[in-house]
Amino acid sequence: MTDVRVDVPKAAAPLAETGEAQFGDYVALLKPRVMSLVVFTALVGLLVAPGALHPIEALAAIIFIALGAGASGALNMWWDADIDRIMKRTSRRPIPAGKIAPSEAMALGFALSGISVIMLWLATNALAAALLAFTIFFYAVIYSMWLKRATPQNIVIGGAAGAFPPMIGWVAVTGHVSLEACLMFMLIFMWTPPHFWALALFMKSDYHKANVPMLTVTHGRKATRAHILVYTIALVPFALAAGFTSIGGPVYLTLALGLNLMFVQGAVAIWRRDEARAEADSYATEKRVFRFSLAYLFVLFGAILAERVLALIPAYAQFAAQFHILEVF
Amino acid sequence: MAITREHDLHRRRAGRNIGLAVVLVAFIALVFGLTIAKVSGGGALQAYDHSYRPAMDPDNVRFPQR
């Protein structure tokens, strides 16, 4: 696949006059919806890890992981203010709306990055803090500054930034990276491309207008549909493999089997459709798969957490242990 | 000298000033809680009052430490 570089001038249009920002505008700068997913997945990683943290340490770990994610969100909004202004979906963000100056967002992003990493280090351990620092760097620099405007594979590689939180939660407790942490990482990493490409299919004009080399723009919608199917199929082994480690069990495996089957069915439905059919029903299938993908991730991580709770019942823990065949590695 | 005249700026920024105050107080409370959790290591804390207390002496054979 050929990477296509699209240069978007940083000063494409003058910034709107900066007005009086309210507290909520600063919160919006931290991408609270992304933070909520980060909090949930990091919390699952932290709770299912072997060992235990003091409740205050656990609370601090979750807060500072979320703050780190928010910091990278602020840096992303600072860097992408020019294209955010063009895209309808992002045009009301605090910087393009003229409520917060770009320099202010940058300063907030850097300050919160430093605070979150140092505080996570003090609250838990150096490896967790290093992973958080790398996540912020990956999202702000590798994804936002480099890949997003350079390659249609931006979503694939950039998805790693969103995949780190459960691993950081796990490492905050254990102090080391293990197979379970890697599988939780891979679950989000492989889930991200079909999730965002489904969104890109029905938000096509936005990415096109902003000259962001989304796969739909550079390789066409037919190729995007094929990519969604390939990545959804590639996601399945990772989702199922997690069920055979210490974080899985019969409940997780049952749900994973059903959800992956439904996800693949949705991806096949997207792949089989052409643009005429999709436009005729206003991208109903694409929208349905996009919404389903959100539920998919939420339920799977919920199932990982449920396995941990159910393992408190000795009889269930004994039964579930029979499924943990990957623990020998 | 106290501010006696309320400017429009004060009213417009009241929300974010209160928000920032709440965040800072929450941060202080979290750091305090974290300090207690780290220092105590899950156990109870005993204050040292500059007088010898046999129960706190790790070398005192009459009071073996845990």
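Student: How do you know that chain B is in contact with chain A?
Tutor: Nine residues of chain B are in contact with 10 residues of chain A. Contact means that two C-beta atoms, placed from the backbone, lie within 7 Å. This is a predicted model: local features need pLDDT of at least 70, side-chain atom pairs count only at pLDDT 80 or more, and totals for chains, interfaces and linings use all residues. Residues are numbered from 1 along each chain as its sequence is written, and chains are lettered from A and ligands numbered from 1 in the order in which they are written.

Student: How many helices and strands does chain B have?
Tutor: One helix and zero strands. A helix is a DSSP run of H or I with at least four residues, and a strand is a run of E with at least two.

Student: What makes α3(A) mostly covered?
Tutor: Of its 25 residues, 21 are buried. Buried means 20 or more other C-beta atoms within 10 Å; exposed means 12 or fewer, and partly exposed lies in between. In chain B, 0% of the 66 residues count as buried.

Student: How does the reach of α3(A) compare with the expected one?
Tutor: Helix α3(A), residues 55-79, reaches 36 Å from its first C-alpha to its last. That is close to the 36 Å expected at 1.5 Å a residue, taken over one less than the number of residues.

Student: Why is α2(A) called roughly parallel to α14(A)?
Tutor: Helix α2(A), residues 32-48, and helix α14(A), residues 284-310, pack at about 25°, with axes 10 Å apart. Angles under 35 degrees count as roughly parallel, over 145 as roughly antiparallel, 65 to 115 as roughly perpendicular and the rest as oblique. So α2(A) is roughly parallel to α14(A). The contact includes Phe40(A) and Val44(A) of α2(A), with Phe301(A) and Arg308(A) among the α14(A) residues. Its residues divide into seven nonpolar, one polar and one charged.

Student: Why is α8(A) called roughly antiparallel to α14(A)?
Tutor: Helix α8(A), residues 179-202, packs against α14(A) at about 160°, with axes 8 Å apart. Therefore α8(A) is roughly antiparallel to α14(A). Among the residues that meet are Trp191(A) in α8(A) and Phe290(A) in α14(A). By class, this contact has 12 nonpolar, two polar and two charged residues.

Key: Axes fitted to C-alpha atoms, helices over the stretch in contact; angles between N-to-C directions. Nonpolar A, V, L, I, M, F, W, Y, C, P; charged D, E, K, R; others polar.
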